[in-house]
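Subject: Structure for you to look at

Hello,

Here is the structure I promised to pass on. My notes follow below it.

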Amino acid sequence: QVQLVESGGGLVQAGGSLRLSCAASGSIFRLNTMGWYRQVPGKQRELVATIISGGTTDYSDSVEGRFTISRDNAKNTVSLQMNSLKPEDTAVYYCNAKNLLTWSGRLGEYWGQGTQVTVSS
């Protein structure tokens, strides 16, 4: 009933920029927290950034000052502007929605399918 679809990944040189976008669709009554996580092979998925509906943001130390998360509550979309990219930012990036309440009363967490970001040195 709920889908998260990401776009915007790709290949970029170190120091470059990319913008990721994610749209949540379906039977959404209320969506509290949206965010981005990333994962490299052999490692656990890690938090990149989150934003709650009121606009409060949280970033991992590794991206603070380089990445900016934003959202459009009316459209249930979230974006991640990534600047000054480093090779260590290379990962699959996943969109996340937490405390999403559907019109049928289901409260849950949802993930997108992931988008590859590769930063070359």
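How many aromatic pairs does the structure hold? The structure holds 2, where rings of Phe, Tyr and Trp (its six-membered ring) pair if their centres lie within 6.5 Å, and planes under 30 degrees apart count as stacked, over 60 as edge-to-face and the rest as tilted.

This is a predicted model, in which local features need pLDDT of at least 70, side-chain atom pairs count only at pLDDT 80 or more, and totals for chains, interfaces and linings use all residues. Residues are numbered from 1 along each chain as its sequence is written, and side-chain values use heavy atoms, with hydrogens and water left out.

F29 lies in strand β4 (residues 28–39) and W103 in the loop between β9 (91–102) and β10 (107–111), so the pair ties together parts that are 74 residues apart in sequence. Strands here are DSSP runs (E, at least two residues), numbered from the N terminus. W103 is exposed, at 60% relative accessible area, while F29 is partly exposed at 46%; buried means under 20%, exposed over 50%, and partly exposed in between (1.4 Å probe, protein chains only).

Y37 and W111 also form an edge-to-face pair, 5.1 Å centre to centre with 70 degrees between the planes. Y37 is in strand β4 and W111 in strand β10, so this pair too links parts 74 residues apart in sequence. Y37 is buried at 13%, and W111 partly exposed at 36%.

Regards

How values were computed: Helix = DSSP H or I, 4+ residues; strand = E, 2+ residues; numbered from the N terminus.
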